[in-house]
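Visitor: I would like to go through this model by asking about it piece by piece.

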Amino acid sequence: MRKSIPSLRGPAIVLAVLAFVFLMAPEFYTNHSVLLTMMTFMGLAQGLNLLYGFTGYLPFGYVGFFGTGAYATSLLVTFTGLPILVCVLGGGLAAALIALILGPLLRLSGAYFSIANLAASQIIYFIVANEDLKSITGGPYGIKIEQVYAPHASYLTMLALLLVVTALAAYFRLSRFGLGLKAMNQDPVSAAFAGVNVVRERLIVWLVSAAMAGMIGGTYAWDLSVFYPSAVFTLQISVFAIVFALFGGVGTVIGPLLGAAVLYMLYDGIGVSAPQYFELIYGALIVGLVLFLPNGLMSLLTRRRINVL
Amino acid sequence: MIKALKKAWLASVMTAGLVLPGAAMADTATAPSVIKIGTLYASTGNFAIASKGQYEGLEYWAKEVNADGGVFVKAFNKKIPVKIVAYDDQSSTSTATTLYNQLITQDHVDLLVADFGSVLTSVAVPLAAEHKMLLIDPTGSGANFFTQKTNYLADVSIPSSTVWPLPLAHFLLDQHIKRVAVIYDSNDFDASQAETLKETLVKGGVTPVYYHGVPTGETNYNVLLHTIAARRPEALIEFGYPPNDIAFLRTLSSSGLHFNMTFTIFPGQLMKMMEKTVGAKAMAYTYTYPTPPLVATTDTTYGPDTATFVKDYTAAKNEAPNFLNVAGFNTGLIMQDMLGQAPQFTQLSFHQALMDMSGKTKTLEGEFKINENGAQLGELFSVAQLIPSGDTNKIVVVYPEDKATGKPVYPAPKQ
């Protein structure tokens, strides 16, 4: 028990800093959309980190869960009139349900898993955007939930989700459960021999990661309130979440948060100040990352044997 | 007594000295040095070609008015230069969301103009309403936006897509064409047109023999065309975006199939580009919506007529304008008229000015007419046919009769 107390200090500080920064930020910077989108990508990078950082499964189609959550939340708002927070929770459950259906994909590994997951996300997209489902999903004509538009509430909800997903990452990082995940990431057979229930634990992480993406997607949709399927199923969302997580360093708690914050601020800064150089600067940065920091920013510390959360 | 008078006089002079300059300067002190117009454009991605065309038209308008000393702003009773603050959203809705917010909350623009099309406009609609800003919407014509009364949205340079095909439907009924096939892309822009067309035809006693949606990315029309041909339609209407129209016309040309009438949207907007990619021969006798500058408006009540605009634009840019340049320029013109009429420099006053202009203003795009939901009901497109003329095609307006410049060639001869 004594040993576990110091280990909680790190996560508590990270959570407190996150909460403080994003609660105070609107006082100094009024572009609510930038702050909310930054939290969205920090949350997604962290959600992806839960899966990729701890199990080694890289979900190229992570946006499928995000879009599912966005649409499930919107449909619950439209057809049930339930309180919006219940609808967001429903978005997470819907994404987890899709993840459960796609559970057999976990039998694949490496690039095969990534590509199959990507294909699955596109299937979900085409189903949602299908003309014949116009009366339910709005099909290609998009969906509108203006009746619940409340930017301040959606901002706070996104912050709460960011804290939850970060707390989960900290749990994975510090708990026996997380150690089991790391063991199966390195060698699933040995991990199974050591008593780790490989299938069950992998499935749990898969579902949790999907549910988080779903709830983040639901909150994002709540904030947009008028959107087309392409806005929440664009592959750019997956690519950004992956790049941001890798830039910071997967398998850590701080890495994906730092990666997403730094790169998103840079993305936004270049977009506003020098859009003509956007692709050049961003591309060069990613090439540099792959060449010199393949394990992300956090490796600068871990190389020097500095223990990071 | 004299002392008291002196005191009173001094006090009067001092008071006047303090108050009068303030009163005299009230207008100039509150008038901004420039009118900031915030907008987005896409330099890359799906909407780049169209978005840049629209943006270039708006930029051209700003340059022209600034050369003339700026726009007349009634609220300040003087001309003020305009400054365009623009960011690149790269055709991404998430980037567009943050940049629209940037324009509103950081740059504090006076007027907010949306990027091209419904997708990139959609994210600005709730943001503008939240910040109580009037969103000037040049080309976002999605039916979804205009479902309720609003003071914060105005579609200014393109009719709401639900009304585009009305003249086309009436043309088909007038021609007594009974067998109509409709193929459309499954997106807001195209499907809402297909729905209006079908509804109007059915009211006129014509039920389409084929009515089918395809994904927006569809480029393989071979099987679809043969399926449609099996229904023996007299007229085949295809609603798509430029890549769809190009693929459709190419496939039709190489398929050996022939229909008495074929309609697509974009030859009337991007004629030169489409002739280059599809070939003039493959486009011959195709019907389309003719748009400015391919059709001319001469009796404008505000701004230049089409011929003057084409001449000036071509001289300034060394290239002839297309419809999207016209749409961008027209957006500027409508804002210019609005600023010239709004008695106060507030968003609500701007909106009221637009409502007052509705039905009374005619620009090079035609009649400006919006409803209380912000939808554009004027600027209606006619129906035209591309008639071969040497190595190219010329646009002949065939409907409605009061705008017609020639008779339709129906049935279209085999090429």
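The questions and answers below concern a predicted model.

Visitor: How do the axes of helix α2 and helix α10 of chain A run relative to each other, roughly parallel or roughly antiparallel?
Guide: Helix α2 of chain A covers residues 32-55 and helix α10 of chain A covers residues 198-224. Their axes come within 9 Å and cross at roughly 170°. Angles over 145 degrees count as roughly antiparallel, so α2(A) and α10(A) are roughly antiparallel.

Visitor: How many nonpolar residues does the contact of α2(A) with α10(A) have?
Guide: On the α2(A) side the residues include L36(A), L44(A), L48(A) and L51(A). They meet a set in α10(A) that includes V205(A), W206(A), V208(A) and I216(A). By class, the contact has one charged residue, six polar residues and, as the count asked for, 11 nonpolar residues.

Visitor: Is L102(A) buried or exposed?
Guide: L102(A) sits in the loop between α4 (84-101) and α5 (110-128) of chain A. Leaving out residues up to four places away in sequence, L102(A) touches F65(A), A120(A) and W206(A). The relative accessible area of L102(A) is 18%. Buried means under 20%, so L102(A) is buried.

Visitor: Which side chains meet in the salt bridge between chain A and chain B?
Guide: The contact takes 33 residues from chain A and 34 residues from chain B, and the area buried there is about 2,700 Å², with 49% from carbon and sulfur atoms. The count of salt bridges between the two chains is one. At 2.5 Å, N to O, the partners are E195(B) and K134(A).

Visitor: Is N244(B) buried or exposed?
Guide: N244(B) lies in helix α9 (residues 242-255) of chain B. Beyond its neighbours within four places in sequence, N244(B) has contacts with D185(B), T216(B), G217(B), E218(B), Y221(B) and E238(B). Its relative accessibility is 2%, so N244(B) counts as buried.

Visitor: How far apart in space are K149(B) and A375(B), C-alpha to C-alpha?
Guide: K149(B) belongs to the loop between β6 (135-137) and β7 (153-155) of chain B, and at a relative accessible area of 59% it is exposed. Not counting residues up to four places away in sequence, K149(B) touches E372(B) and N373(B). K149(B) and A375(B) are 226 residues apart in sequence, and their C-alpha separation is 9.9 Å.

Visitor: What is the phi of N318(B)?
Guide: Most residues other than glycine have a negative phi. N318(B), in the loop between α12 (306-317) and α13 (323-341) of chain B, is exposed at 69% relative accessibility. N318(B) is not a glycine, yet its phi is positive, near 60°.

Visitor: What is the phi of R232(B)?
Guide: R232(B) is placed in the loop between α8 (222-230) and β10 (235-239) of chain B. With a relative accessible area of 59%, R232(B) is exposed. R232(B) is not a glycine but has a positive phi, about 50°.

Visitor: What is omega for the peptide bond that joins Y410(B) and P411(B)?
Guide: Most peptide bonds are trans. P400(B) lies in the segment after β16 (392-399) of chain B, and the bond from Y399(B) to P400(B) is cis with omega near 0°. P411(B) is also placed in the segment after β16 of chain B. The bond joining Y410(B) and P411(B) is cis, with omega about -5°.

How values were computed. Residues numbered from 1 in each chain as written. Chains lettered and ligands numbered in written order. Predicted model: local features only at pLDDT ≥ 70, side-chain atom pairs only at ≥ 80, totals over all residues. Heavy atoms only, no water. Helix = DSSP H or I, 4+ residues; strand = E, 2+ residues; numbered from the N terminus. Buried < 20%, exposed > 50% of the residue type's maximum accessible area, 1.4 Å probe, protein only. Contact = heavy atoms within 4.5 Å. Axes fitted to C-alpha atoms, helices over the stretch in contact; angles between N-to-C directions. Parallel < 35°, antiparallel > 145°, perpendicular 65-115°, else oblique. Nonpolar A, V, L, I, M, F, W, Y, C, P; charged D, E, K, R; others polar. Buried area = accessible area lost by both parts, 1.4 Å probe. Salt bridge = Lys/Arg side-chain N within 4 Å of Asp/Glu carboxyl O.
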